[in-house]
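Hi there,

Here is the structure I promised to pass on to you. Have a look at it first, and then read on for my notes.

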Amino acid sequence: MLPEFELYEPETLSEACELKKLPNTKIVAGGTDIYVSMHGGKLRPDALVDIKNIKELRVNERTNDGLVLGALTTHRSIEEDDFYKKNYSALFDGCSRVGSVQTRCRGTLGGNICNAVPSADSIGPLLVFGTVCVIESCSGEREVPLEEFFTGPKKTVLGEDEILKELRIPAPAAKSGSCYIKYTRRKAMDLALCGYAICVSADENDVITAARAALTTSAPTPVRAKNTEGYLIGKKIDDVDVSELGKISSAEAKPRTSWRSSAEFRYALIEELAGRAFNNAVRRMRGE
Amino acid sequence: MSRDQIIGESIVRKDGRDKVTGRARYCEDIDLSGQLYGAVYHSPYAHAIIKSIDTSKAKAYPGVRAVITGEDHPIRFGNFLRDQPVLALGKVRFQGEPVAAVAADTERIAREAARLIEVDYEELPAVDSIEDALKGDVLVHDDWDDYELTGATHPKKGTNIVDEFKLIHGDIKKGFEESDVIVEGDFYCSMLQHAVMETHAAVADAAEDHVDVYTSLQSPFAVRGMIAHELGYTFDQFRIHCTEIGGGFGCKAEPKLEPIAILLSQDTGKPVKMVYGRDEEFETVTRAPVKFHIKTGATKDGMLKAQQITLYWDTGAYATYGPRVNYNAGFASNGPYVIPNCFTDGFCVVTNHALGTAYRGFGVSEVCNAHEAQMDALAAKLDMDPLEIRLKNVLRDGSVNTNGEVMESVAVAECLEQAAANIGWKDKPDHWVTPEGKLRGKGIACFIKLTGTPSTTSCLVRMNEDGSLNIMSASREMGQGVRTVLPQFASSELGIDIDKITVSQVDTAITPYDKTTTSSRSTFHAGNAVLDACHDIKRQLIILVAKKWQVSPEEVELNDGMFTCVNDPKKVLDINDIAASGALKEETPVAALGKFGTKDIFVPPDEETHQTSRTTIMWFMGAQAAEVEVDPKTGEIKVIKVGAAHDVGHAINPVGCLQQIEGGIVMGLGHAVLEEMIYRDGDLKNGNLVDYKVPTFMDADFDMDISLVESRHPEGPYGAKGIGEPGTAPSAPAIANAISAACQHRFSSIPVKPEHILLHEEG
């Protein structure tokens with residue numbers, strides 16, 4: 001049962017930023033994390049600021065340069081629009097595997113990012129597309145690259161009056177492919193035991209011109225796998241040795257041993273998933 | 001549908017429409033006028049002395065009407081041993097144990113006030129494993145003699161052992177001497193959660209000399225027996241109104257919130273409603289984890305000679321149904337095989353864990369894991385086919401079971417062959433590699449289980465003024481289909497259309513006595529009672545029709561629902577027109593009591609060896625086979641197909657039997673590869689439905705080919721046997737054996753996890 005709390009439902013972002021400063025107050029969008037924690041008694045905020053009525057947070061722009069997605073974009077809206085499946089495949093992979101259909105209809109990209117757990121399914125894909133976060137506060141707006149957004153498990157750079165407003169996602173190069181693999185024990189309603197996201201672009205000679213990889217549930221925060229990227233850039237696709245790729249990615253991870261699984265198991269998984277994600281991204285790039 | 005076909009026809013379950021449309025009323029849907037809401041304060045510690053409890057802040061919280069502790073109501077209960085307090089007395093023995101309870105104007109107030117209860121604890125070292133329990137340095141209960149024995153359990157003074165059960169058959173020493181090969185192994189089954197959709201709940205309205213309790217319990221009379229006197233009521237004063245059950249599987253066989261709600265209602269003079277949250281549910285009741293050591297001997301041609309099993313159940317902090325699990329599993333521990341020399345020694349130990357109790361199968365699925373892993377190990381050692389070695393050794397009509405009983409109506413060989421055929425066993429190697437590099441393997445398992453004996457039941461069958469029937473039976477509908485099957489029996493017996501027969505909801509003040517809804521017994525026991533009642537109804541109706549026709553009852557017959565007069569072919573009456581005919585008008589009502597009991601056939605087993613000529617009214621047997629695929633690089637396990645064949649005696653409602661088995665297979669999949677309650681230092685880490693992984697529909701997306709084998713039970717209603725628990729008994733063992741075959745590595749614990757496969761280590 002939910003404990004008692006004050007509920008605010010502001011219509012504007014500036015109002016919401018002001019309310020966020022109240023003591024022991026949380027921002028809530030879809031509520032798929034916050035209400036669950038409150039039901040279980042783990043979280044007892046004095047007030048919630050429900051931002052669902054703020055129209056500015058529902059932006060959805062597609063230009064040749066890329067996307068602008070409002071923080072309130074739901075996982076389900078990504079899953080159901082073939083545009084993302086085709087052009088931002090990894091994002092489709094991630095959003096379509098969040099929780100259940102019900103949670104995907106409620107849960108938002110902004111919530112997934114701000115909850116800042118290492119297993120969040122949209123974050124790895126957003127990292128490999130070079131996403132920039134636009135943050136609004138009482139004193140204005142600032143931009144932070146997503147990879148600099150997280151400061152620790154469940155911790156972000158957001159200040160006391162700051163709210164994530166939207167995501168700017170650059171368009172991948174014409175010849176690109178991406179993939180996110182969510183490794184779970186169960187086929188639905190599960191958290192990633194390990195997540196691997198990758199996006200590669202190549203020129204007409206199949207030389208990799210850009211590569212981004214990201215690891216989730218493999219370190220205290222979602223992280224870019226820069227050594228992996230360095231290994232790939234400049235190589236011909238057919239020259240990539242997936243077992244070496246796996247070893248490089250695995251060496252970049254810092255998983256921990258918990259009751260969910262041992263670090264050793266996660267290292268082994270990353271080593272395997274890296275090659276699978278890369279191969280799948282290349283297949284998609286080639287339209288196979 | 002023609003009346004003579006009603007037995008064996010697939011009928012749409014009578015409770016289905018209400019349940020899928022949301023009309024069905026569960027306990028949480030009950031609200032009584034003027035009710036208060038109750039909440040429980042649970043122990044955060046696994047083991048601690050309660051030095052003092054300060055309830056003053058909770059009592060002072062606005063809207064609170066009562067706060068109670070164990071000291072206010074020192075009441076203990078227990079089906080086998082009266083060891084369990086309603087609210088902790090002096091000590092807490094598991095994390096989550098109810099310590100105090102609050103009644104308040106709203107649920108929120110009750111829960112907030114429960115948080116304000118302050119308890120001064122002195123923490124004690126926790127008995128955190130079976131090994132700790134056996135070591136006995138710390139005792140969970142100081143002295144078993146402090147408690148009254150209420151059933152068959154055998155606590156050992158000065159230890160944490162609350163029960164020991166032995167099954168001794170033949171001469172174990174001689175058996176191993178006569179064996180050419182011996183295989184020895186260990187097995188472990190994890191602690192499980194019943195994971196029912198509906199959490200425990202109760203609404204109680206207590207007066208001084210009577211009480212009404214609304215609850216979804218599966219065994220209302222057994223619960224009345226356990227707590228009515230303790231709470232100050234005779235049985236006639238203690239009325240349980242049953243609601244629909246949102247999942248039982250054994251977890252609703254004992255009192256949980258009922259006594260607490262009654263005490264709060266007694267204290268406040270108002271009705272009190274209590275509903276557990278999922279977090280509370282997780283620490284309420286579990287399937288006990290169990291450890292086996294098992295040694296099996298056979299001749300070089302694969303004939304079993306000897307089997308020795310030692311097993312330890314971690315039944316949690318109080319005895320609950322643990323001794324019964326030990327008993328039932330003990331009788332099933334050798335599987336459905338002829339083994340001339342056996343020695344099973346089963347121990348039920350108490351620990352500072354959540355309570356292990358009845359769970360679909362009463363330990364049989366667990367022992368099946370152990371004996372079926374052994375059969376595969378033996379087959380491997382002898383280079384025999386796992387199916388062949390089983391067929392060589394299984395019980396057949398006239399075989400002597402390991403409890404000394406001569407068996408009848410045995411079709412386990414047929415079940416094994418059919419289950420194997422359902423996955424194409426003979427066309428597949430034991431293990432192979434797919435072109436994609438995935439490992440495939442096949443596995444098979446069979447089981448035996450008894451139904452609790454002796455036990456009794458009764459029912460009332462009442463004809464209404466319009467000729468329709470009500471059946472009042474306390475066999476609770478909990479998915480097994482009893483509310484559909486009992487009308488089928490009555491319809492077949494009397495010829496009344498099944499649409500005009502309803503099983504009434506259970507109410508202990510009105511419904512005749514039934515021992516429990518457990519042990520897969522309802523179709524068999526309640527079915528026999530309904531047939532008994534219907535014979536009487538038939539007799540009463542013949543008298544009424546004879547009276548109407550002005551002939552003697554000897555001249556009237558009732559066959560296939562038609563009354564006929566032997567001396568006048570023009571006199572014909574359809575039983576479905578009996579009300580319209582006026583035959584019932586102003587006559588004394590037509591009603592009959594039906595009874596069935598098994599005390600007279602039961603031959604009490606020898607106390608030491610448990611050998612007897614008749615242990616149970618009914619044995620269940622069946623088999624399942626599985627094909628699985630394992631990804632050797634990620635450890636992912638995918639079930640490709642499960643084939644099942646169960647001897648149901650006579651499938652009264654075949655679709656219901658298939659549903660029971662399908663559900664059982666999915667449940668078994670959870671046991672085999674997903675489910676476990678994980679404790680670290682006495683602290684439950686995964687007490688929620690994300691981290692405790694029950695299979696979803698997407699995980700259950702594999703082929704199932706299920707066969708119903710029908711070897712009639714001579715004493716069953718129309719030859720029927722039970723199928724409630726059996727559906728899940730061999731599922732996990734068959735899947736685990738298939739995984740072991742695929743990986744060419746014998747896993748000795750469930751769930752088998754990807755991590756175990758990748759790292760070849762088991763947790």
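**Salt bridges and the contact between the chains**

Let's start with Arg13(B), which counts as partly exposed, at 22% relative accessibility. Please keep in mind throughout that this is a predicted model.

What does Arg13(B) pair with in a salt bridge? Its partner is Asp15(B), with N and O 3.2 Å apart. Asp15(B) is buried, as its relative accessible area is 3%.

Another pair in chain B is Glu676(B) with Lys753(B), a salt bridge with an N to O distance of 2.6 Å. This one links distant parts of the chain, 77 residues apart. Glu676(B) sits in the loop between α15 (654-674) and β31 (679-680), while Lys753(B) sits in the loop between β34 (749-750) and α17 (754-759). Are these two residues buried or exposed? Both Glu676(B) and Lys753(B) are buried.

Lys165(A) and Glu141(A) form a salt bridge, and their closest N and O atoms are 3.1 Å apart. Lys165(A) lies in strand β10 (residues 163-170) and Glu141(A) in strand β7 (residues 140-145), so the pair ties together parts that are 24 residues apart in sequence. Lys165(A) is buried, at 15% relative accessible area, whereas Glu141(A) is partly exposed, at 44%. Over all chains, the count comes to 64 salt bridges.

Now for the place where the chains meet. The contact takes 25 residues from chain A and 31 residues from chain B. About 2,700 Å² is buried between them, and carbon and sulfur atoms give 54% of that area. Which residues of chain B lose the most area to chain A? They are Arg108(B), Lys693(B) and Glu755(B), together 20% of what that side buries.

Between the two chains there are 4 salt bridges. One joins the side chains of Asp190(A) and Lys693(B), at 2.6 Å from N to O. There are also 11 residue pairs in polar contact between chain B and chain A. On the side of chain B that touches chain A, α3 (107-115), α15 and α17 each supply at least two residues. Of these, α3(B) gives the most, with 5 residues. That side of chain B divides into 16 charged, 11 nonpolar and 4 polar residues.

Enjoy exploring it!

Best wishes

Conventions. Residues numbered from 1 in each chain as written. Chains lettered and ligands numbered in written order. Predicted model: local features only at pLDDT ≥ 70, side-chain atom pairs only at ≥ 80, totals over all residues. Heavy atoms only, no water. Helix = DSSP H or I, 4+ residues; strand = E, 2+ residues; numbered from the N terminus. Buried < 20%, exposed > 50% of the residue type's maximum accessible area, 1.4 Å probe, protein only. Contact = heavy atoms within 4.5 Å. Buried area = accessible area lost by both parts, 1.4 Å probe. Polar contact = N/O pair within 3.5 Å; in protein donor to acceptor, adjacent residues only side chain to side chain. Nonpolar A, V, L, I, M, F, W, Y, C, P; charged D, E, K, R; others polar.
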